[in-house]
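Please keep the structure open while reading.

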Amino acid sequence: MDSATALLAEPGVSLTVETIAKRAGLGAATVVRAFGGKDALLDAAVARLLGPVIQRARDLLAQDTPYQALRTFLRELIAFQTAHHAIHDQLTGLNLPATTALRADLVGAVEEMLDGARRDGLVRADLDPAVTTALIGATALAVARVEPSSPDLVDAYLTVLLDGLAPHPSR
C-alpha cells in the first residue's frame, strides 16, 4: 500500500502491479493475492490519500466562513493535485468504488462551501452549481499540472476564479 501511494506522487510512472510490487520489494503475485489486483490496490491507495483531503474540507467548513473555507481549500487542493499527478492521469477507466465515493464526497464538500458562500452573498447565484463545481475542478487541475508549480500562478488563479464568482451589481 505504501509503495502504491508513493508511486501516485511520481509523475510519469506507470502504475502496474509489477511496478508497485518491485517498489515494495515483493513479487507481483504477492500483491495480487493481498489486494485482489491492481484496481483494488489503487482504489485503497487513493482512498487513503483522499480521506484526509475530504476531512480537511469538512474541518474548514466547521471553522471558517464558507467563502474563506473555499479559498483555503482550493489552494490546498491544488497543492494536493500538484503532488499527486497520477491520481488523475492513470486511474481513468479503472473500477474504483471507494475512490468514486470519495470523489463524490469531495465534490459535495466544495458544493457545500459554494452554497454557503452564495447564501452569504459572496458567490453569484446565477450560475448552475454543477457547472461551477465542474469549472473549479477542471481549472484547479489545470493549474496544478503547470510545471514548474508556482505560488504566483495559484494566487492569480484564485483571484481570477473568485472575482469571476463574485456577484456583480445590476447594471
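**Briefing on the predicted model**

Val107 is a residue of helix 7. The model is a predicted one. Val107 is partly exposed, its relative accessible area being 36%.

**Overall fold**

- The C-alpha trace spans about 65 × 30 × 30 Å along its principal axes.
- The chain has 171 residues, and 39% of them are buried.
- Taking contacts between residues at least 6 apart in sequence, 68% link residues at least 24 apart.

**Largest pocket**

- At least two lining residues come from each of helix 5 (66–83), helix 6 (85–89), helix 7 (97–119) and helix 8 (129–144).
- Helix 8 gives the largest share of the lining, with 6 residues.
- Sorted by class, the lining holds 12 nonpolar, 6 polar and 1 charged residues.

**Helix 8**

- Helix 8 is 16 residues in length, and the distance from its first C-alpha to its last is 22 Å, close to the 22 Å expected at 1.5 Å a residue.
- The buried residues of helix 8 are Thr132, Thr133, Ile136, Ala140, Leu141, Val143 and Ala144.
- Viewed down the axis of helix 8, these buried residues fall within an arc of 160°, so they line one face of the helix.
- The cover over the buried residues of helix 8 includes helix 5, helix 6, helix 7 and helix 9 (151–165).

**Residues in helix 7**

- Thr99 is located in helix 7.
- Is Thr99 buried or exposed? Thr99 is buried, because its relative accessible area is 1%, and the cut-off for buried is under 20%.
- Which residues does Thr99 touch, leaving out those up to four places away in sequence? They are Asp43, Val46, Ala47 and Leu50.
- Thr99 and Phe35 are 64 residues apart along the chain, and their C-alpha atoms are separated by 15 Å.
- Val107, also placed in helix 7, has its C-alpha atom 9.3 Å from that of Ala130, which is 23 residues away along the chain.
- At 36%, Val107 counts as partly exposed, because that class lies between under 20% for buried and over 50% for exposed.

**A residue in helix 9**

- Leu153 is part of helix 9.
- The relative accessibility of Leu153 is 31%, so Leu153 counts as partly exposed.
- Leu153 is in contact with Val143 and Val146, when neighbours within four places in sequence are set aside. Val143 is one of the buried residues of helix 8, and helix 9 is among the elements that cover those residues.
- Leu153 and Leu74 are 79 residues apart in sequence, and their C-alpha atoms are 13 Å apart in space.

Notes. Residues are numbered from 1 along each chain as its sequence is written. This is a predicted model: local features need pLDDT of at least 70, side-chain atom pairs count only at pLDDT 80 or more; totals for chains, interfaces and linings use all residues. Side-chain values use heavy atoms; hydrogens and water are left out. Helices (H or I, at least four residues) and strands (E, at least two) are DSSP runs, numbered from the N terminus. Ala, Val, Leu, Ile, Met, Phe, Trp, Tyr, Cys and Pro count as nonpolar, Asp, Glu, Lys and Arg as charged, and the others, Gly among them, as polar. The expected span of a helix is 1.5 Å times one less than its number of residues. Buried means under 20% relative accessible area, exposed over 50%, partly exposed in between (1.4 Å probe, protein chains only). The arc is that of the directions from the helix axis to the C-beta atoms. Contact means heavy atoms within 4.5 Å.
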